[in-house]
Amino acid sequence: MKKSRKPCQPPTPVPEALYFETESGSVDHLTVMSEMKKLMKMFRGTSVESVQYVPHNKWKVVMDSVESRNRLSGSTIVLNGAGVCLRRYDDVANLEFKKYLRSHGYISMLDQT
């Protein structure tokens, strides 16, 4: 008997969040905040609510508003000598979810053969 898989739910939206990935795991929260503060000096009226590390060298930065997120989206910060681009978290999460659904559909198709 085959196991039935529980359908995965789409990610919960976080409209104020930014996202980026680093090459190495040697970045810490203080470094990220320091670089975000440098960037926020150029974009007055923006502030960071929280910084969260997500496994596999991924980071989520929650801003104070959607407007702040939109102003900083597409900007680059430098971490350990490498520039990383800030992207909207919801865009990345939805893209990953679509990739999951495509691969899950392919695996289900193979399971049926």
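Student: What should I know about the model before we start?
Tutor: This is a predicted model, in which local features need pLDDT of at least 70, side-chain atom pairs count only at pLDDT 80 or more, and totals for chains, interfaces and linings use all residues. Residues are numbered from 1 along each chain as its sequence is written, and side-chain values use heavy atoms, with hydrogens and water left out.

Student: How many aromatic pairs does the structure hold?
Tutor: There are 4. Rings of Phe, Tyr and Trp (its six-membered ring) pair if their centres lie within 6.5 Å; planes under 30 degrees apart count as stacked, over 60 as edge-to-face and the rest as tilted.

Student: What is the geometry of Tyr-19 and Tyr-89?
Tutor: That pair is tilted, with 6.4 Å centre to centre and 55° between the planes.

Student: Which parts does the pair tie together?
Tutor: Tyr-19 lies in strand β1 (residues 17–21) and Tyr-89 in helix α3 (residues 89–112), so the pair joins parts that are 70 residues apart in sequence. Helices (H or I, at least four residues) and strands (E, at least two) are DSSP runs, numbered from the N terminus.

Student: Is Tyr-19 buried or exposed?
Tutor: Tyr-19 is buried, at 6% relative accessible area; Tyr-89, at 19%, also counts as buried. Buried means under 20% relative accessible area, exposed over 50%, partly exposed in between (1.4 Å probe, protein chains only).

Student: Changing topic, which residues form a cluster?
Tutor: Ring pairs link Phe-20, Tyr-53 and Trp-59.
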